[in-house]
Amino acid sequence: MKTLDDLLAEGVSGRRVFVRADLNVPFDKSNPGVISDDGRARAVLPTLIALRDAGAKVIVASHLGRPKGAPDPKFTLAPVATRLGELLGSTVVFADDTVGPAATEAVAA
């Protein structure tokens with residue numbers, strides 16, 4: 001497996017880099033959709049910033065909770081994408097699915 005330093009040494013400008021991150025952040029129990037601790041989002045920032053600054057198109061994947069069977073809106077990562085955008089100072093496009101047109105469009109954006 002390549003490390004971040006390996007990728008940066010090879011050059012990532014113009015390349016898509018897939019990052020699997022632990023963004024399973026806790027939400028405020030009294031205010032659903034509001035992140036109560038963004039520490040996990042902050043922890044991945046140095047990696048995302050290094051890749052972005054080196055010219056990579058960064059694709060981040062994660063999961064939230066353990067939904068049973070079908071997708072459950074209470075497990076959406078949309079608030080995490082918004083918070084990452086705030087922390088990065090740039091827009092983070094959120095895909096509603098991991099495959100198909102929504103995912104393809106998000107990566108293209």
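**Notes on the model**

1. The largest pocket has a volume of about 1200 Å³. A pocket here is an open set of points on a 1 Å grid over the protein atoms alone, where a 1.4 Å probe fits, with protein on both sides within 12 Å along at least five of seven lines. Grid points are joined across faces, edges and corners, and the volume is the space filled by probe spheres set on the points.

2. A word on the basis: this is a predicted model, where local features need pLDDT of at least 70 and side-chain atom pairs count only at pLDDT 80 or more, while totals for chains, interfaces and linings use all residues. Residues are numbered from 1 along each chain as its sequence is written, and side-chain values use heavy atoms, with hydrogens and water left out.

3. Back to the pocket: 37 residues line it (an atom within 4 Å of a point). Val60, Ala61, Val93, Phe94 and Ala95 lie nearest its centre. Strand E2 supplies the largest share of the lining, 5 residues, and H2, H3 and helix H4 (101–108) each supply at least two. Helices (H or I, at least four residues) and strands (E, at least two) are DSSP runs, numbered from the N terminus.

4. How does E2 sit relative to E1? E2 (residues 57–61) runs parallel to E1, joined by 5 bridges; strands pair if DSSP finds at least two bridges between them. Val58 in E2 is the bridge partner of Val17. With H2, the two strands make a right-handed β-α-β unit: with the strands pointing away from the viewer, the path from the first strand over the helix to the second runs clockwise.

5. The largest nonpolar core has 19 residues, a set of buried Ala, Val, Leu, Ile, Met, Phe, Trp, Tyr and Cys residues joined through side-chain atoms within 4.5 Å. E1 (16–20), H2 (39–53) and H3 (78–88) each give two or more residues to this core, and H2 gives the most, with 5. Leu51 is among the residues with the most contacts inside the core; beyond four places in sequence, Leu51 touches Leu4, Leu8, Val12, Val17, Val19, Ala56 and Val58 (contact: heavy atoms within 4.5 Å).

6. In H3, 8 of 11 residues are buried (under 20% relative accessible area, 1.4 Å probe, protein chains only; exposed is over 50%, partly exposed in between). These buried residues pack against H2. Thr82, also in H3, counts as partly exposed because its relative accessibility is 48%. After H3 comes Gly89, with a positive phi near 70 degrees.
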